[in-house]
Amino acid sequence: MTPRILITPKINPDLDGVACVYAYSYLLNKKSKNTTGGIFGKLHIEAQYIIDRFKITDISYSPADNFDKFILVDMSELAGCPEVVRAKDVIEVIDHREFNKASKSFPNAKIQIEKVGAAATLITERYYDENIKIDRNSAILLYSAIFSNSLNFKAKVTSEKDKKMVKWLEKQAEIPNGLIHDMFLAKTKFSEENLSEVLKGDSKEYVFGNKKIGITQLEIAELENLVRNNLSQILKILNEFKQEKDLSMAFLTSCDLEKDFNLFVTSDKEMQELLEKIFKVDFKDNVARRDGLILRKEIIPLVIRNT
Ligand SMILES: [Mn+2]
């Protein structure tokens, strides 16, 4: 009997994970495998947006535990892995995280880890390499996932391969004009409506010397409007965050994915001075603008060096 295979990303997947699950299970089923694409937990907003807009219904949510083998996509460790997955029965892992414990955690798996902007690029390549016809939903999911995960090609992990696969996908399916802008706007709207949840949900704390600094982030379109229209609320959320986590200072780094600039927000004078010194910016009304796009993971080492 053909083994029943579950393809799954981490719990609460982003669009990259969802796209990989969907498109890879389609590909394997074309090859007469018995695979199910399964999703556990809550979808990130961009994934939900694409699924709703294109009325994609053939995804299994929290499928029952009756699989023989497992394939993990956009994930390469046990942390965040759905409970139904048995590590010894994982037969394949496809991911793009350079630092991972894949071979240790999944000793029987065929592992492909490549440093690219999105795992969706690696799944697209499976179609591309064998010249397999791709269905429209898979093409749209993979296409938008590459933009989403590489932050509109701004993330440092973006590779030539991501761009090449996007170009190829454009030829395989009719992609609506402005799709990526619409997707980023959906994220902006969601962030604005759920500011506290979004900012606190994507926050990290770092200890520098004797200081504990909290950094929260937003990566959206139409950033200027969101920050200006919600400034007092953002400052209030940062203060709550500071108290809840017992931080010395906290700030928001936010970037506009289409216009390539950051806004730093904080009412901490010490934090403002530090950011002004590092980035040669000026705080006015608790907001500072920096042209060019810089991500949180690039900001951290600069703050460490200057604290
Ligand atoms: Mn990813």
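Which element gives the most to the lining of the second largest pocket? In this predicted model, local features need pLDDT of at least 70 and side-chain atom pairs count only at pLDDT 80 or more, while totals for chains, interfaces and linings use all residues. Residues are numbered from 1 along each chain as its sequence is written, and side-chain values use heavy atoms, with hydrogens and water left out.

The element in question is α1, with 3 residues; helices (H or I, at least four residues) and strands (E, at least two) are DSSP runs numbered from the N terminus. A pocket is an open set of points on a 1 Å grid over the protein atoms alone, where a 1.4 Å probe fits, with protein on both sides within 12 Å along at least five of seven lines; lining residues have an atom within 4 Å of a point. The second largest pocket holds about 160 Å³ of space, a volume being the space filled by probe spheres set on the points. Its lining includes Y24, L27 and K110. Two or more lining residues come from each of α1 (15–30), β5 (90–95) and α4 (119–130).

The largest pocket contains about 1700 Å³ of space. Of its 42 lining residues, D14, H44, D202, Q217 and E219 lie nearest the centre. Elements that contribute two or more residues include α2 (45–53), α5 (136–149) and β8 (211–220). Domain 1 (4–176) and domain 2 (195–306) each supply at least three residues to this lining, the domain bounds coming from an automatic or database domain assignment.
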